[in-house]
Amino acid sequence: MSQINLQDKIRELRDLINSSICYKQDVWDRKDDGDWSKLWTAADNLEDTQLAIEEYSSLKDFSRLAVYGLLQSMYVQQDAISHLEKAIKILTPDWKKDYPELSNIRDVRNETIGHPISEKGLYTSISHTNNLNILEYGVWSRDGFQHKSIDLKNIINIQHDLLIKEVDRIMGKINEDETQHKQSFKDKSLSKLLASTSYHIQKLWSFEKSRDYSQVNFNSLKSIYENFKEEIKKRYKLEKVDEQGVQIPGLILTIQHIEKILPRIEKMVPMDDSIDQLDLDVYVESLDNSFEDLRKMAKEVDVEFATKK
């Protein structure tokens, strides 16, 4: 058995998906199709079945119930990794071709506990044994009786190591796609895009005498802000910037606050007789604070997209 523990590898995969830009958002967007629930249920099943397999390995006495539980757990564990791959839309392997030893484990499960009485004339019975590492069973068919034995310890180790190999393949694909996605934005700084926003906001205060100039600055600010949102959508694979953006909840909240303030300030910029200067300044101050938060977050996003996996 590999020195690497499958439980640790599964947790590593879970953390990688949870922090992924490309995969987590994509699965979340398909939550109505059940893929979000399928993903995390499959991850739970991988861990739970591994615990059951490890529990069998710690037993001291033979138990038919434990043998049934072991083989069923191994079968479900293989299904779980397939379901996880389908949920995140990573191509599943051809088990018989790519992992014939895992496919053989499925056949053993089907022959012993899955379908012990077959319409094709195949009948199976598990024998009692004092050796927990060996499964002894008999098979009756039209061709006669056949005694079989399976090294359970061996197939446990085989599945453990091959599933680690498959998890590594999944993680490799995720890391490759994440790196490629990030590299497409490596020369596009969000911080630079927002660099002039502080200046534009300062020209909105009520003490700015030229309201035409205030209007010019407001239009520039709004244009920069709209471009910023478009860049955020591209980076985080969003249809629109709202609470569905699972990777950037803090940024979403700041943007939602700005969305409420901008239309109010837009009406006040001309400073006609109906506008209270104090009201305008309160909104401008709030906008200034929100854009300060936005600039800080933009720096964090730039760092995230400059960091290689």
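Before looking at anything, I note that helices (H or I, at least four residues) and strands (E, at least two) are DSSP runs, numbered from the N terminus. I am working on a predicted model, where local features need pLDDT of at least 70 and side-chain atom pairs count only at pLDDT 80 or more, while totals for chains, interfaces and linings use all residues. Residues are numbered from 1 along each chain as its sequence is written, and side-chain values use heavy atoms, with hydrogens and water left out.

**His-181**

I looked up His-181 and found this residue in helix H7, residues 152-183. Is His-181 buried or exposed? His-181 counts as buried because its relative accessibility is 11%; buried means under 20% relative accessible area, exposed over 50%, partly exposed in between (1.4 Å probe, protein chains only). Its side chain reaches the backbone oxygen of Arg-235 at 2.6 Å. Leaving out residues up to four places away in sequence, I listed what His-181 touches: Ile-21, Cys-22, Lys-234, Arg-235, Lys-237 and Phe-305. Contact here means heavy atoms within 4.5 Å.

**The cores**

Next I went for the nonpolar cores, each a set of buried Ala, Val, Leu, Ile, Met, Phe, Trp, Tyr and Cys residues joined through side-chain atoms within 4.5 Å. The largest one has 51 residues, and Leu-84, Ile-88 and Ile-174 touch the most other members. Elements giving two or more residues to this core are H1 (6-19), H2 (22-29), H3 (35-57), H4 (64-87), H6, E2 and H7. H7 supplies the largest share, 11 residues. I checked Ile-174 too: not counting residues up to four places away in sequence, Ile-174 touches Leu-13, Leu-16, Ile-17, Ser-20, Tyr-23, Ile-88 and Ile-90. Apart from this core lies another, of 36 residues, including Ile-21, Tyr-225, Val-269 and Leu-294.

**Helix H1**

H1 has 14 residues and spans 20 Å from first C-alpha to last, close to the expected 20 Å; the expected span is 1.5 Å times one less than the number of residues. At its start, a side-chain oxygen of Asn-5 comes to within 2.7 Å of the backbone nitrogen of Gln-7. I noted the buried residues of H1 as Leu-6, Gln-7, Lys-9, Ile-10, Leu-13, Leu-16 and Ile-17. They pack against H2, H3, H4 and H7.

**The sheet**

Then I turned to an open sheet of 3 strands in the order E1-E2-E3, with antiparallel pairing. Strands pair if DSSP finds at least two bridges between them. E1 (123-126) and E3 (144-151) are at the edges with a single partner strand each, so one side of each has no neighbour in the sheet. E1 is joined to E2 (residues 134-141) by 4 bridges. Which residue in E2 is the bridge partner of Tyr-123? I found Trp-140 there, and Ile-126 stands opposite Tyr-137.

**Arg-106**

My last stop was Arg-106, in helix H6. Its side chain makes a polar contact of 3.5 Å with that of Gln-78. For such a contact I need a pair of N or O atoms within 3.5 Å; within protein, one must be able to donate a hydrogen and the other to accept it, and residues adjacent in sequence count only if both atoms are side-chain atoms. Beyond neighbours within four places in sequence, Arg-106 is in contact with Tyr-75, Gln-78 and Asp-79.
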